[in-house]
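Dear colleague,

Please find the structure below for your records.

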Amino acid sequence: MYLMKDITREGNPVLRNQTKPVKFPLSDEDRELGEKMMKYLEVSQDPELCKKYHLRAGVGLAAPQVGQSKSMAAVLTPPEGEDQKSPFKAIMINPVIISNSVQRGALTEGEGCLSVDRDVPGFVPRADRITVKYQDLEGKEHKIRLKHYPAIIAQHEIDHLHGMLFYDHINKNDPFSKTEDEVFFD
Ligand SMILES: O=C(O)C[C@@H](Cc1ccccc1)[C@H](O)SCc1ccccc1
Ligand code: NI
């Protein structure tokens, strides 16, 4: 099971590399990688286990964050909140965003990252709705539409697969700048 010591932190070049596509049929190593990343999210969202293993709660984890420069990420939206309607749980292999809404969105409290041990204040403008294509552990193709919070998480994780970190998107001159067509939500 991954612990915080296994999470790569900013400064480690693996976080800035473009990841390589994952081949199918999955090797045992790649299957285990996906399962372990999802396991981290599940354990980190259980208050007892999170404390017991000294984890930082996470709703997403990308392979570069555990030192693997492979195109794979796990997403697990927390059960509470308005996501109740559309909880999203997926190990996304070779994910590609195939369409973005013009409408932009951002979390009012900004974003954080398990690989960034500091607060970086500012809005992280992203597409409010996206269509993502990815393969699951069996290699089956999925094409899903995400909006609001799950869309933010998926974009944050897919960014990791392209060597991007959330603060790359923050406006340097005015971190909290709002343009008229953006929606902000908690
Ligand atoms: O570092 C990661 O990729 C995991 C991030 C993903 C994320 C952060 C902010 C906004 C969208 C996605 C962690 O989930 S940061 C910790 C966290 C935990 C619960 C809710 C929000 C953020
Ligand atoms: Ni991150």
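A residue is called buried when its relative accessible area is under 20%, exposed when the value is over 50%, and partly exposed in between. E29, with a relative accessible area of 48%, is therefore partly exposed. Please bear in mind that this is a predicted model.

Side chains of opposite charge can pair when their charged atoms come close.

K70 counts as buried, because its relative accessibility is 19%. A network of salt bridges links E29, K70 and D30.

A second salt bridge joins R126 and D159, whose closest N and O atoms are 2.9 Å apart. Here strand β5, which holds R126, is connected to helix α3 (residues 148-160), which holds D159; the separation is 33 residues. R126 is buried at a relative accessible area of 3%, and D159 is buried at 13%.

Finally, E10 and R118 form a salt bridge through their side chains (2.6 Å, N to O). E10 belongs to the segment before α1 (28-44), while R118 sits in the loop between β4 (104-107) and β5 (126-127), 108 residues apart. E10 is partly exposed at 28% relative accessibility, and R118 is partly exposed with a relative accessible area of 44%.

Yours sincerely

Definitions and conventions:
Residues numbered from 1 in each chain as written. Chains lettered and ligands numbered in written order. Predicted model: local features only at pLDDT ≥ 70, side-chain atom pairs only at ≥ 80, totals over all residues. Heavy atoms only, no water. Salt bridge = Lys/Arg side-chain N within 4 Å of Asp/Glu carboxyl O. Helix = DSSP H or I, 4+ residues; strand = E, 2+ residues; numbered from the N terminus. Buried < 20%, exposed > 50% of the residue type's maximum accessible area, 1.4 Å probe, protein only.
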